[in-house]
Amino acid sequence: MNYFDVFPRWNIIPVKALGCKVYDKDGNEYLDFYGGHAVISIGHSHPKYVERISEQVSQLGFYSNSVIMPLQDEYAEKLGKASGYPDYSLFMVNTGAEANENALKLASFYNKRKKVVAFQHSFHGRTAAAVRVTDIPKYWAPMNDDLEVAFVPWNDIEAVRKELKQGDVSSVIIEGIQGIGGIIVPDPAFLVELRQICTETDTVLILDEIQSGYGRTGKFFAHQFAGIRPDIITIAKGMGNGFPISGVLISPKFEAVYGQLGTTFGGNPLACAAAIAVLDVMNEEKLVENAAKVGQYLMDELKKIPEIKEVRGHGLMIGIEFAEPVKPLRDKLLFDEKVFTGATGTHVFRLLPPLCVTKEIAGDFLARFKKVLP
Ligand SMILES: Cc1ncc(COP(=O)(O)O)c(C=O)c1O
């Protein structure tokens, strides 16, 4: 059987990884400034993470959600403290798209409305509702047409107001920082007004923090730069440092109703063990503070490079825009200088290194990056 060929892939076979480094089958060492697509938070193969998951699988690898799983409560309590949302509830699933799917459904159960407002250039995942609120029409299948979605321009509060004043919008979904859209940071004043209009119209405000959350920006959540509190927050990626796990943080105004949401694998013991280990390490090694510090250093240094058109982002979620397409530079960086980076669109590099990256490693990255510049 062949693997269904829906991803373009680099001809690299990684076999091992440690911290911010990845090693391929030929023994080449790569600097990981992509974090396996923003997933690696505490660093590859962190010993405490490996130990915690190994111990858990030797005790209880899985049981269904029909029994009590104290690990879920232990994790939820730690997450509440770390994130600043101790009064919210947690529902766990497995992927980012699923977290958004459940968030959108929960909003619709709550206010019995159907329509969703999303933003131009958004990305929220590939399941039915998540893909429909993603502003990339080529990802929609004909069956996705039924969900009514209005895409409004980024930071355009009047466009949002116009949609919400009809009173038929169930939820507004927005990324903490647009990732695939190009590392686009929202204006904090816009988020404050958005929060206000959603409250006035009883529209549910969903913050997709799947890429921008979990400490990556130097705050636990990117929306915390604006000081707002969404009704629902979705998380995934860095949460499990590679173990598939995602979550929906739910404000106390939502009532939990048996049967409305469900999952086989969500919140399983291995996923909880992974997520607990990640939060423990983030806490012990002060990785959110580190993301702020090293991210600022990287952005300051990148802004000094004249070939770059613009540097955007917060912490370790950084977009570097060039006037020309970046593919040739990115390939050179990967194959000649052995550095993984992300990209969005044709002109923007996306840096998403593990949150444990040091200033020294960041300096190494900058030296290699400068080597490939035109
Ligand atoms: C902002 C955002 N939302 C949702 C998703 C979907 O996550 P997943 O691929 O785990 O379903 C992604 C993935 O890149 C993302 O960046």
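Colleague: In which loop is the place of A226?

Modeller: This is a predicted model, in which local features need pLDDT of at least 70, side-chain atom pairs count only at pLDDT 80 or more, and totals for chains, interfaces and linings use all residues. Residues are numbered from 1 along each chain as its sequence is written. Helices (H or I, at least four residues) and strands (E, at least two) are DSSP runs, numbered from the N terminus. A226 lies in the loop between β8 (204-208) and β9 (232-235).

Colleague: Why does A226 count as partly exposed?

Modeller: A residue is buried if 20 or more other C-beta atoms, placed from the backbone, lie within 10 Å of its own, exposed if 12 or fewer, and partly exposed in between. A226 counts as partly exposed because it has 19 C-beta neighbours inside 10 Å.

Colleague: Which residues does A226 touch, not counting those up to four places away in sequence?

Modeller: Two residues are in contact if their C-beta atoms, placed from the backbone, lie within 7 Å. By that criterion A226 touches P188, L191 and V192. L191 is 35 residues from A226 in sequence, yet their C-alpha atoms are 6.5 Å apart.

Colleague: How is the protein divided into domains?

Modeller: Domain bounds come from an automatic or database domain assignment. Here, domain 1 comprises 14-43 + 286-372, and domain 2 comprises 47-284. Their contact takes 24 residues from domain 1 and 26 residues from domain 2. On the side of domain 1 that touches domain 2, the largest share, five residues, comes from α9.
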